[in-house]
Amino acid sequence: MSDDPTRVQEFFGSRAADWDSRFPDDGPAYAAAVADLGLRPGATVLDAGCGTGRALTALRAVVGPAGTVIGADLTPEMLEEAVRAGRDKAGKLILTDVARLPLRDGALDAVFGAGLISHLADPASDLRELARVVRPGGRLALFHPVGRAALAARHGRQITDDDLRAEPNLRPLLSGSGWRMVSYVDEDDRYLVLAVRPDDIAPA
């Protein structure tokens, strides 16, 4: 499952204005996932594909005033909504494709990605790019506030064997992209995968 960047922009751009109102109760789920990422005060973290910035406040609360929070998204309208909601006060917003991040190697302690994996144009390459900008030992969280089955049902579909978010598909994808999966949760009210960039593996 992958998506063309132009289609991603069109899809989210047309939905940005009412995006938050469609999912008004997701805040606690985001905060819980951020907590499980294990960030320390002073850490530097990227919210990749941040959308309207729903994770930024929780990320800022964990890393504190000495930390750095960056929200990156491909869709201008989503970032405009993040600013309108005041979430730019919690982190620096940048308009960019996560496939080509304007960050130096090893700049980050962690990456948080909500609903990200199914919208990557080239999942293996894009995950390698995320590994590039994370220090050895840094972490990755792939999150969604509902699990695969619940999300599919919401859209009137069934989950399929080729779903990249399924553990048998995602584990080797991460492994081949500079990450090692350390936990996998797929429940009705939560999808959360945690991975680490091993000290002894450099991204290709």
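Arginine 87 is buried, with a relative accessible area of 19%; buried here means under 20%, exposed means over 50%, and partly exposed is anything in between, using a 1.4 Å probe and protein chains only. The model is a predicted one, so local features need pLDDT of at least 70 and side-chain atom pairs count only at pLDDT 80 or more, while totals for chains, interfaces and linings use all residues. Residues are numbered from 1 along each chain as its sequence is written, and side-chain values use heavy atoms, with hydrogens and water left out.

Arginine 87 sits in the loop between α5 (76-84) and β3 (92-95), where helices (H or I, at least four residues) and strands (E, at least two) are DSSP runs numbered from the N terminus. Setting aside residues up to four places away in sequence, arginine 87 touches Asp20, Thr52, Gly53, Arg54, Leu56, Thr57 and Ala82, a contact being heavy atoms within 4.5 Å.

Another arginine, at position 135, lies in strand β5 and counts as partly exposed, at 34% relative accessibility. Its contacts, again not counting residues up to four places away, are Gly106, Leu108, Asp109 and Arg197. With aspartate 109 there is a side-chain polar contact of 2.6 Å; such a contact is a pair of N or O atoms within 3.5 Å, where within protein one must be able to donate a hydrogen and the other to accept it, and residues adjacent in sequence count only if both atoms are side-chain atoms.

In α6, the buried residues are Pro123, Asp126, Leu127, Glu129, Leu130 and Ala131, and they pack against β1, β4, β5 and α8. Beyond its neighbours within four places in sequence, tryptophan 179 contacts residues including Leu127, Leu130, Leu140 and Leu174.

As for the rings, the structure holds four aromatic pairs. Rings of Phe, Tyr and Trp (its six-membered ring) pair if their centres lie within 6.5 Å, with planes under 30 degrees apart called stacked, over 60 edge-to-face and the rest tilted. Phenylalanine 112 and phenylalanine 143 make a tilted pair, 5.7 Å centre to centre with 35 degrees between the planes. This pair links strand β4 to strand β5, across 31 residues of chain, and both phenylalanines are buried. Tyrosine 184 and tyrosine 191 pair edge-to-face, at 5.7 Å and 85 degrees. Ring pairs also join Tyr30, Phe112 and Phe143 into a cluster.

Finally, a search of the whole structure turns up one cavity of 30 Å³ or more. On a 1 Å grid over the protein atoms alone, a cavity is a set of points where a 1.4 Å probe fits but cannot get out, and lining residues have an atom within 4 Å of a point. The largest cavity has a volume of about 60 Å³, a volume being the space filled by probe spheres set on the points, which are joined across faces, edges and corners. Its lining includes Gly113, Phe143, Arg165 and Tyr191, and β5 gives the most, with three residues.

Definitions and conventions:
1 Å grid on protein atoms, 1.4 Å probe; cavity = no way out; pocket = protein on both sides within 12 Å on 5 of 7 lines; lining within 4 Å.
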